Amino acid sequence: MAFTFFFRDTHVLDLIAAHVIPDLAGFSRVRVWDAGCAMGPEPYTLAIYFAENMGKFAYRNLTIDASDYDEGGNFREIIEAGVYAGEGLQRIPPELLAKYFTKLDNSDDYVVNEDVRQRIIFHLHDLLTLKPIGTGYHLILCKNVMLHFQPAERVEVMKMFYRSLTTGGYFATEQTQKLPEEMEPYFEQITISGQLFRKREYAA
Ligand SMILES: C[S@@+](CC[C@H](N)C(=O)[O-])C[C@H]1O[C@@H](n2cnc3c(N)ncnc32)[C@H](O)[C@@H]1O
């Protein structure tokens, strides 16, 4: 089910702001994969976190590949339009709402500003094919998706993420999604209090 909202799971987003973004800010290209992105609040929230913590010029080097298998078949249209009802934006701090959204005339809807929309590319993709949408990612975020998978599927999807990350790349998931034991040779946990991991040089 595609339940999602803006500024969901801020604990892991704050960890990304503290540990990942400063590490990537000097790169000429920053590539992020948001896997299981639903209809856009998550990748747009992530883009706002990068904008706030990366600096105006470095932010233009960011691309977020946002993917979902999109049962209803309308996520691309929603994400590309970037229009969301005002009542779904209440968790966004007011100063960030004013900075990154524009209220539409004669409507309760808001549109995500163009420079943020340009950062997101939607891909129709089923994670269980185990074929990644790309490689060389600096960060992969996959939240509230793998809880629906069988334990063995979860391990195979995480191995796919491992292969899709660049050397030293990061993987983040929701607070309740613990790293399976089989994945410990692949990822090291960055903080005690959250599900943020860094790719290890795997030595089997
Ligand atoms: C509960 S929503 C979470 C959305 C967002 N990640 C968040 O944390 O707010 C789960 C999303 O995972 C997607 N999903 C579930 N199984 C998937 C699969 N095998 N491949 C790609 N997306 C999948 C669903 O379509 C849905 O959009």
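## Phe101 and the model

With 23 C-beta neighbours inside 10 Å, Phe101 counts as buried; a residue is buried if 20 or more other C-beta atoms lie within 10 Å of its own, exposed if 12 or fewer, and partly exposed in between, with C-beta atoms placed from the backbone. The model is predicted: local features need pLDDT of at least 70, side-chain atom pairs count only at pLDDT 80 or more, and totals for chains, interfaces and linings use all residues. Residues are numbered from 1 along each chain as its sequence is written.

Phe101 belongs to strand β4. Helices (H or I, at least four residues) and strands (E, at least two) are DSSP runs, numbered from the N terminus. Apart from its neighbours within four places in sequence, Phe101 is in contact with Leu89, Tyr110, Val111, Val112 and Asn113; contact requires C-beta atoms, placed from the backbone, within 7 Å. Between the C-alpha atoms of Phe101 and Ile64, which are 37 residues apart along the chain, the separation is 18 Å.

## The three-stranded sheet

An open, antiparallel sheet is formed by three strands in the order β3-β5-β4. Its edge strands are β3 (83-85) and β4 (101-103), each of which pairs on one side only. Neighbouring strands are turned by 35 degrees against each other on average, direction ignored. Axes are lines fitted to C-alpha atoms, for helices over the stretch in contact, and angles run from 0 to 180 degrees between N-to-C directions.

Strands pair if DSSP finds at least two bridges between them. β3 and β5 (residues 109-112) run antiparallel and are joined by three bridges. In this pairing, Ala85 has Asp109 of β5 as its bridge partner.

A second open sheet has seven strands in the order β6-β2-β1-β7-β8-β10-β9, with mixed pairing. β6 (120-124) and β9 (187-189) each have a single partner strand, so one side of each is left without a neighbour in the sheet.

Helix α1 (residues 10-24) lies across β1, β7 (137-141), β8 (165-172) and β10 (196-199), at about 30 degrees to β10. Helix α2 also packs on the sheet, where it touches β1, β2, β6 and β7, and its direction makes about 165 degrees with that of β2.

## The nonpolar core

In soluble globular proteins, nonpolar side chains tend to be buried together. The largest nonpolar core here has 55 residues, and Ile16, Val32, Ala47, Leu139, Ile140, Phe171 and Ala172 have the most contacts inside it. Such a core is a set of buried Ala, Val, Leu, Ile, Met, Phe, Trp, Tyr and Cys residues joined through C-beta atoms within 7 Å. Helix α2 (residues 41-54) gives the most to this core, with seven residues. Not counting residues up to four places away in sequence, Ala47 touches Ile64, Val116, Arg119 and Ile120.

## The ligand surroundings

Of the 19 residues around the ligand, Ala2, Thr4, Gly36, Ala38 and Lys143 come nearest; a residue is near if its C-beta atom, placed from the backbone, lies within 6 Å. This shell comprises nine nonpolar, four polar and six charged residues. Ala, Val, Leu, Ile, Met, Phe, Trp, Tyr, Cys and Pro count as nonpolar, Asp, Glu, Lys and Arg as charged, and the others, Gly among them, as polar.

Ala2 lies in the segment before α1 and, with 15 C-beta neighbours inside 10 Å, counts as partly exposed. Beyond residues up to four places away in sequence, Ala2 touches Ala38 and Met39.

How values were computed. Contact = placed C-beta atoms within 7 Å.
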